[in-house]
Amino acid sequence: MEAQTMSSDYVFPPEPQPSVPVRGSRQRYAVSRIFCVGRNYAAHAREMGGDPDREPPFYFTKPANALVPSGATIPYPPGTKNYHYEMELVVAIGAPVFKVTPEAAKAAVWGYAAGLDMTRRDLQNEAKKTGRPWDTGKGFENAAVITELVRVSEVGPLDKGAITLAVNGEEKQRGDLSDLIWSVAEVVANLSQFYHLKAGDLIYTGTPEGVGPVLPGDVITGQIEGLAELSLTIGAPE
Ligand code: MN
């Protein structure tokens, strides 16, 4: 007698849907896309060699399966000798928006988290120099660290408040959300000129000055007023 075969729609079983926990809820926020804003604090734009006054926002993306929950230990990634942290406010979209004004964009912001835009800076710098894509510098495994999400209805609009990061307890980044060159509403409105944004889209909104390298054994902690504290431990290289 023939063995019974399992029927399946997929030749390989699909990966689980990437998702983020939500404060005070059993339900999670399912993630489909991760957008990131380059240079959105004046002092960081300057430290990266840009002119904050003349540059409109620009974007890059990370795959949703690059997400790592805060509190994790991740391996020091391959292919880099200059692995950087960037502490950022993360915005979660909760309603469809396309080609909207900042006022309309504001209503589509569902929640916030604290996040790290982890970066292989040497690969990003090489890509900038040669005019090549940033993917290996920005869109790699474990490159999008995130805390739980907090609903806007719970925490209110985060238009101001300290954003800080420390490595092994020593403060490296300190900014204020009010220093964003492009506000959250302006970023969402601008991004919606290019994409049909909807629930499941996360936006990393840019980092203040003070980015720098970490090494195996380092512990990163970060804080944004009103949100959960973020932490990340860098493990041995793979
Ligand atoms: Mn960034």
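K62, E86, D117, R121 and K138 are linked in a network of salt bridges. A salt bridge here is a side-chain nitrogen of Lys or Arg within 4 Å of a carboxyl oxygen of Asp or Glu. The model is predicted: local features need pLDDT of at least 70, side-chain atom pairs count only at pLDDT 80 or more, and totals for chains, interfaces and linings use all residues. Residues are numbered from 1 along each chain as its sequence is written, and side-chain values use heavy atoms, with hydrogens and water left out.

**Manganese site**

- The manganese ion has three protein donors, E86 (OE), E88 (OE) and D117 (OD), at 2.0 to 2.1 Å.
- Donors are N, O and S atoms within 2.8 Å of the metal (3.2 Å for Na, K and Ca); water is not among the atoms, so sites may look incomplete.
- The donor spacing in sequence reads E-x1-E-x28-D.
- E86 sits in the loop between β7 (83–85) and β8 (87–93), while D117 is in strand β9 (residues 109–117), 31 residues away.
- Helices (H or I, at least four residues) and strands (E, at least two) are DSSP runs, numbered from the N terminus.

**Salt bridges**

- The count of salt bridges is 10.
- R121 and E86 form one of them, at 2.8 Å from N to O.
- That pair joins helix α3 to the loop between β7 and β8, across 35 residues.
- E86 also pairs with K138, with the closest N and O atoms 3.3 Å apart.
- K138 lies in helix α4 (residues 135–138), 52 residues from E86.
- D117 bridges to K138 as well, at 2.9 Å between the closest N and O atoms.
- D117 is in strand β9 and K138 in helix α4, so this pair ties together parts 21 residues apart in sequence.

**Burial**

- Buried means under 20% relative accessible area, exposed over 50%, and partly exposed in between (1.4 Å probe, protein chains only).
- E86 counts as buried because its relative accessibility is 4%.
- K138 is buried too, at 2%, and D117 is buried at 0%.
- R121 is likewise buried.

**Cavity**

- There is 1 cavity of 30 Å³ or more.
- A cavity is a set of points, on a 1 Å grid over the protein atoms alone, where a 1.4 Å probe fits but cannot get out; lining residues have an atom within 4 Å of a point.
- The largest cavity has a volume of about 110 Å³, counted as the space filled by probe spheres set on the points.
- Its lining has 16 residues, with G38, R39, H44, E86 and Q124 nearest the centre.
- Helix α3 gives the most to this lining, with 3 residues.

Key
1 Å grid on protein atoms, 1.4 Å probe; cavity = no way out; pocket = protein on both sides within 12 Å on 5 of 7 lines; lining within 4 Å.
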